[in-house]
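Hello,

Here is the structure I promised to pass on to you. Have a look at it first, and then read on for what turned up in it.

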Amino acid sequence: MTQLKDRLKEKIEAHRPRIARLTKEFGSVIIDKVDIAQCIGGARDIRCLVTDISYLDPQEGIRFRGKTIPETFEALPKAAGSEYPTVESFWYFLLTGEVPTPEQVQDVETEFKTRQQVPEYVFQALRALPLDSHPMVMLSSGILAMQRDSKFAAVYSSGKFNKMTAWEHVYEDASDIVARIPVLAAFIYNLKYRGDKQIPIDPKLDLGANFAHMIGQSEQYKDVARMYFILHSDHESGNVSAHTTHLVHSALSDPYYAYAAGLNGLAGPLHGLANQEVLGWILEFQKKLNGAEPTKENVTAALWETLNAGQVVPGYGHAVLRKTDPRYMAQREFCLKTEGLKDDKLFKLVSMIFETAPGVLTEHGKTKNPWPNVDAQSGVIQWYYGLKEWDFYTVLFGVGRALGCMANVTWDRGLGYAIERPKSVTTEMLETWAAAGGRDTNTTAAPHPPTPKA
Ligand SMILES: CC(=O)SCCNC(=O)CCNC(=O)[C@H](O)C(C)(C)COP(=O)(O)OP(=O)(O)OC[C@H]1O[C@@H](n2cnc3c(N)ncnc32)[C@H](O)[C@@H]1OP(=O)(O)O
Ligand SMILES: O=C([O-])CC(=O)C(=O)O
């Protein structure tokens, strides 16, 4: 066993009695209620998922293992010669909740080197897709294609599945996915946009730096990759990509099936694809400016044009957050401290939208949160460093999100969480309960819709 897997074993075994006690002794304690609006409106705010990997406060934003973004960046060991931690150190931290020592980080780096080879047949499968397939289709297909390597599925089908040790095989798959996904993403980038000119892995580099190397990027981009993957890793359990991954894995589908499904959710424009939409929106607006400076007036007019056309302003609003996303702020601070980027035209436009959009959205009066989310700020950084193919941006998100989703499925199995199966009701039932002022929870029998007459 590696140091990380060993430590994780201790952590999972120490945690199990807490879950057992909660279920056995306090299982009937009520922690939430559900109203009709929540039932129709996407289960918003219903507390019915458990994770210790991250927690999202509506005002403060995300904490990874109890730490805010600045605290996380501060606490973790840094990559050599960099202000940013390696993704490997963050992976150790997400899984165990402990800040690793430099030796423990080195151990994960060494472990990832043995895991990061993507099988050749995966590349062949992706080459068989039409080149104009969306890169998220390629990423999701690539992950799914690797399912034949699943150690969890192999153990299950061999008849040796054991509930207490199942997490160990999930950990193996999860680690393989995390180590391989940047290599897969770099392959897709080179296939789609660089005429299939592939760059081999540099075994001396950490995960973020190697991704930068494999897409032919600059030295400075290595930190961009590390920062980006860490910031996009996790956002508690209810978001579409994390929840889908958890749901699919709850049927004991292995991590490859589960994460391919999660990626398909991330590809939605209201979720991860919003970063691509943001860049598209900004460039369209810039084109219309025809060389003129962005001002509060012309940005206001463009925002209203989008809203009046019945569209959402991409990168603004959030299902849970009610303040500016700290991931937005972390990336904005990166821009402000980076020579060249802080005076970049597109960054200035993004800043002007930040000054303007919350007021416009408040006046529009629909969204519960007029502030920017992570997607409003991420694309401009990629664009500045020359990664201009914005339909690729959600792939970057998918590389980062693998960290959170894979840490979560490892713990899901460690704690033996059940197959997820919420109850659905009919519209007629809702109407009956609406008329009665609520559902009588003392009766077990629910009103059934009348049997249609023959
Ligand atoms: C990584 C991420 O996934 S972060 C989110 C990325 N997505 C985006 O940036 C897309 C733009 N934003 C949105 O569409 C939404 O704010 C979401 C999907 C993020 C959250 O949706 P909800 O929880 O339903 O938001 P909320 O309760 O505030 O929505 C109320 C109304 O305001 C509208 N609204 C919300 N955000 C916006 C926006 N940015 N622009 C215009 N209208 C908006 C909703 O469409 C909804 O309208 P409706 O009543 O006509 O259906
Ligand atoms: O939390 C959400 O619903 C969406 C989001 O910001 C994320 O998944 O990163």
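At what angle do helix α12 and helix α19 pack, and how far apart are their axes? Before the answer, one thing to keep in mind: this is a predicted model.

Now the answer. Helix α12, residues 240-250, packs against helix α19, residues 393-414, at an angle of about 35 degrees, and their axes are 10 Å apart. The crossing of α12 past α19 is right-handed. On the α12 side, the contact is made by S241, A242, T245, H246 and H249; α19 brings R401, G404, C405, N408, V409 and D412. Sorted by class, this contact of α12 with α19 has six polar, three nonpolar and two charged residues.

A second pair of helices to look at is α6 and α9. Helix α6 covers residues 120-127, and its axis and that of α9 come within 11 Å, crossing at roughly 35 degrees. Here too you will find that α6 passes α9 in a right-handed crossing. F123, L126 and R127 of α6 meet F187, I188 and L191 of α9. The classes in the contact of α6 with α9 are five nonpolar residues, one charged and no polar.

Next, the domains. The protein is divided into domain 1, made of 3-270 together with 393-414, and domain 2, which is 274-392. Taken over C-alpha atoms, the centres of domain 1 and domain 2 are separated by 27 Å. The contact takes 27 residues from domain 1 and 26 residues from domain 2. On the side of domain 1 that touches domain 2, at least two residues each are supplied by β2 (61-64), α9 (166-193), α11 (221-231) and α19. That side of domain 1 has 18 nonpolar, eight polar and one charged residues.

While you have α19 on screen, please find G398, which sits in that helix. Is G398 buried or exposed? It counts as buried, because 26 C-beta neighbours lie inside 10 Å, where 20 or more are needed. Not counting residues up to four places away in sequence, G398 touches M136, L139, L263 and L266. P182 is 216 residues away from G398 along the chain, yet their C-alpha atoms are separated by 9.3 Å.

You will see L273 in the loop between α13 and α14 (274-289). With 20 other C-beta atoms within 10 Å, L273 is buried. Leaving aside neighbours within four places in sequence, L273 is in contact with A267, G268 and T394.

R65, in the loop between β2 and α3 (69-75), has a phi near 45 degrees, a positive value in a residue other than glycine. R65 is buried, with 21 other C-beta atoms within 10 Å. L252 also has a positive phi, of about 65 degrees, although it is not a glycine. L252 lies in the loop between α12 and α13 (255-266), and with 16 other C-beta atoms within 10 Å L252 is partly exposed.

After α20 comes G437, with a positive phi near 80 degrees.

Happy exploring, and do write back with any questions.

Best wishes

Methods: Residues numbered from 1 in each chain as written. Chains lettered and ligands numbered in written order. Predicted model: local features only at pLDDT ≥ 70, side-chain atom pairs only at ≥ 80, totals over all residues. Axes fitted to C-alpha atoms, helices over the stretch in contact; angles between N-to-C directions. Helix = DSSP H or I, 4+ residues; strand = E, 2+ residues; numbered from the N terminus. Left-handed = near helix turned anticlockwise from the far one by under 90°. Contact = placed C-beta atoms within 7 Å. Nonpolar A, V, L, I, M, F, W, Y, C, P; charged D, E, K, R; others polar. Buried ≥ 20, exposed ≤ 12 C-beta atoms within 10 Å, placed from the backbone. Domains from an automatic or database assignment.
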